[in-house]
Amino acid sequence: MRKIETTLPTLLADIGTFYEARKWHFLSVNGIDLGEGKIELQWIFSRYGIKDEIVIYYALSDYTTPVPSVVSLIPSAFMGEREIVDMFGLTVEGALRGLYLDEDSLPHPLRGES
Amino acid sequence: MKKTIQIPLGSQHISLLEPIRFKFECENEKIIGVDADVGFVHRGVELACTRSFEFKQVGYVVARVCGLCAITHSLSYTLAVEKLLGYVANDRIKYLRMLMVELDRIHSHMLCLAHTAENAGFEALFMQIMADRELVMDLQEAISGNRVQFDFIAIGGVNRDLTPELSALIHKNLELLSDKIDTLLGLFDNNWSLSLKYKGVGVLTLDQAYTYNALGPLARAAGLATDVRVETSDFPYEALGYTMVLESTGDIHARNFVRLREILNSIAMCRNIVDNLPSGEIQEKTKGKPSGEAVVRVEAPRGELFYLVRGNGQNMLERVRIKTPTFSAIPAMMEVFKGSEYADAPAILASFDPCMSCTAK
Amino acid sequence: MKFFIPFRKKSPWILHYNAGSCNGCDIEILAALGPKFDLERFGVINTGNPKQSDIFLVTGPVTYRSRERLVELYSQIPEPKVVIAVGSCTTTGGVFRGMYNVEDGIDRYIPVDVYVPGCASTPQLIIDAIVKALDILEAKSKEIEKPFKLFGAIETIGNKLSRLNMAKKVELHEKN
């Protein structure tokens with residue numbers, strides 16, 4: 001497992017140079033609440049055919065900053081992005097709320113209490 | 001004037017085990033656009049894993065994410081926690097875990113095949129495969145004590161041991177099953193009415209498989225050589241006779257064939273496991289509380305299951321991230337529907353073996 | 001009407017709906033319909049259509065999004081109908097009790113006649129439940145067919161004379 005730090009403004013350029021569809025399998029977008037309004041966002045990739053090769057791009061952010069969408073590079077990423085929009089109440093370009101949650105559900109279940 | 005019509009499928013439909021709603025945009029009989037609503041079974045397991053349950057209990061909670069691949073869920077979680085605790089299981093525990101995962105794969109694949117046959121209108125074949133599947137269900141009940149939702153895996157080992165009588169029963173039932181799968185292989189290949197429903201229908205090309213990150217039997221039917229069993233080193237799969245099953249056409253027929261041949265491969269591996277079972281304890285004490293971050297991938301029947309667990313040295317975990325196979329397969333699924341006939345939609349859907357309770361958690 | 005009564009008992013059709021369960025009970029229902037347990041020997045068939053069903057098999061603790069569908073399906077089944085809650089989480093919420101997107105059990109929304117325990121319920125339990133449901137179904141059909149007669153007196157409800165409670169069902173012993 002390799003973890004590479006990136007930032008939200010440079011995310012698209014970083015993943016664009018890194019990702020090749022024939023080489024890397026895109027796993028998912030993940031978010032981890034760090035408390036005090038901070039969140040760690042992760043984009044997780046694994047290599048086809050090679051043992052235990054996982055690359056995680058991570059960026060630290062807060063809940064108000066819009067997250068760039070990687071759908072233009074990875075067409076299957078829209079599911080993961082809709083999920084973090086639901087679970088953390090983030091804004092991602094082109095991703096709508098309502099994959100899992102209804103109007104009367106918790107607004108952003110995985111965000112910390114703060 | 002609008003040229004297309006919208007036809008819904010679901011959320012309650014005879015061909016669906018679970019609630020999912022599709023909105024098909026159809027031009028005459030052809031589907032040109034798909035919209036899917038997958039959130040009907042969202043319960044909120046991820047939050048409960050970090051708020052309501054301690055890390056020793058969570059293994060039994062995540063098993064309830066999905067009843068079909070419950071064992072892979074508890075296995076991935078347990079592996080992740082064991083990595084954080086710095087515990088390495090002995091060979092007997094590893095072998096017993098692999099045995100249950102492979103048995104689970106066999107019964108899940110057979111259920112999918114039965115369901116695909118039923119949705120293609122072949123009710124008799126559905127009944128036949130369901131009858132054959134009971135051989136595996138009996139094995140699971142004999143080994144673990146329950147037919148589905150067997151909480152077999154615990155942190156630090158497994159909950160039940162394999163006795164010599166059980167090994168004999170496993171050999172007997174797998175022998176019977178292997179003959180039946182051989183017959184099914186011929187039937188799926190040669191039956192004329194099945195070939196009309198399966199061959200050339202619902203094609204996922206290799207390029208699409210790469211672009212939409214297909215996984216599991218879906219990817220292998222399209223010729224994409226990916227299998228987490230060879231991409232991780234947690235279990236000695238190669239030593240026990242694992243071979244990757246690949247097809248090239250990517251249609252429903254190829255997916256059925258990948259499943260049938262994987263069942264044969266799993267049967268061979270189960271026999272090897274039972275024959276070469278090492279001696280040792282089945283349950284060992286683990287010390288400490290999980291701290292740090294661990295990533296685990298396990299090949300579930302439908303593809304790759306991914307767990308990310310982060311702990312901070314306390315009883316409650318900080319984050320349990322579950323990425324399930326069907327969740328990743330949905331983009332590819334929506335792509336395959338486009339261009340096929342509406343009448344084939346239930347069969348195509350069943351051939352993906354979608355698991356909505358996995359997807360929505 | 002009387003002509004159909006024996007047949008309804010012999011062949012109840014079931015409608016299955018997953019209201020957020022983990023699939024475990026659903027595949028056990030399928031297994032119960034399959035050849036080994038052979039629920040179909042009671043004339044049971046799984047229909048996808050609520051309007052043709054007699055028994056409503058529900059699994060799952062009712063997630064928020066499936067609430068409306070559950071009640072809608074229930075109200076579309078014609079009387080007499082029997083509801084079976086299959087599995088621990090359907091009866092009480094089970095392991096999902098208290099999670100943020102579930103209601104604890106289906107009896108918050110629809111009346112339940114038979115509760116089936118177990119996580120997951122075994123096919124044997126499901127068969128037992130359906131046999132039990134057959135009796136309840138028969139009793140309910142008899143109840144529907146009892147005639148009404150005017151027994152009670154005119155009552156005063158809120159300063160108004162009301163005949164609402166006059167009509168009562170004829171009990172069996174009174175008929176003879």
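Q: Which elements of chain B do the buried residues of α2(B) pack against?
A: In this predicted model, the buried residues of α2(B) pack against α1 (45–51), α3 (70–85), β4 (153–154), β7 (303–312) and β8 (319–323) of chain B.

Q: What makes residues of helix α2 (residues 55–62) of chain B count as buried, and which residues are they?
A: A residue is called buried if 20 or more other C-beta atoms lie within 10 Å of its own, and in α2 of chain B the residues given as buried are B:Phe55, B:Val58, B:Gly59, B:Val61 and B:Val62.

Q: Why can the buried residues of α2(B) be said to line one face of the helix?
A: Seen down the axis of α2(B), these residues fall within an arc of 165 degrees, and therefore they line one face of the helix. As background, residues three or four places apart point the same way, because an α-helix has 3.6 residues a turn.

Q: Why are β1 (5–9) and β3 (30–37) of chain B said to stand at the edges?
A: The sheet is an open one of 3 strands in the order β1-β2-β3 (chain B), with antiparallel pairing. β1 and β3 of chain B each have a single partner strand, so one side of each is left without a neighbour in the sheet. From one strand to the next, the twist averages 25 degrees.

Q: How do you know that strand β2 (residues 21–27) of chain B and β3(B) pair?
A: Two strands pair if DSSP finds at least two bridges between them, and β2 and β3 of chain B are joined in the antiparallel sense over 7 bridges, so they are counted as a pair. Within β3(B), the residue that B:Glu25 stands opposite is B:Gly33.

Q: What makes up the contact of chain C with chain B?
A: The contact takes 32 residues from chain C and 34 residues from chain B, where a contact requires C-beta atoms within 7 Å. On the side of chain C that touches chain B, the largest share, 6 residues, comes from α2(C), and by class this side has 14 nonpolar, 13 polar and 5 charged residues.

Q: What makes up the side of chain B that touches chain A?
A: Here 27 residues of chain B are in contact with 24 residues of chain A. The largest share of the chain B side, 4 residues, comes from α12(B), and by class that side has 11 nonpolar, 9 polar and 7 charged residues.

Technical notes: Residues are numbered from 1 along each chain as its sequence is written. Chains are lettered from A and ligands numbered from 1 in the order in which they are written. This is a predicted model: local features need pLDDT of at least 70, side-chain atom pairs count only at pLDDT 80 or more; totals for chains, interfaces and linings use all residues. Two residues are in contact if their C-beta atoms, placed from the backbone, lie within 7 Å. Helices (H or I, at least four residues) and strands (E, at least two) are DSSP runs, numbered from the N terminus. Ala, Val, Leu, Ile, Met, Phe, Trp, Tyr, Cys and Pro count as nonpolar, Asp, Glu, Lys and Arg as charged, and the others, Gly among them, as polar. A residue is buried if 20 or more other C-beta atoms lie within 10 Å of its own, exposed if 12 or fewer, and partly exposed in between; C-beta atoms are placed from the backbone. The arc is that of the directions from the helix axis to the C-beta atoms. Axes are lines fitted to C-alpha atoms, for helices over the stretch in contact, and angles run from 0 to 180 degrees between N-to-C directions.
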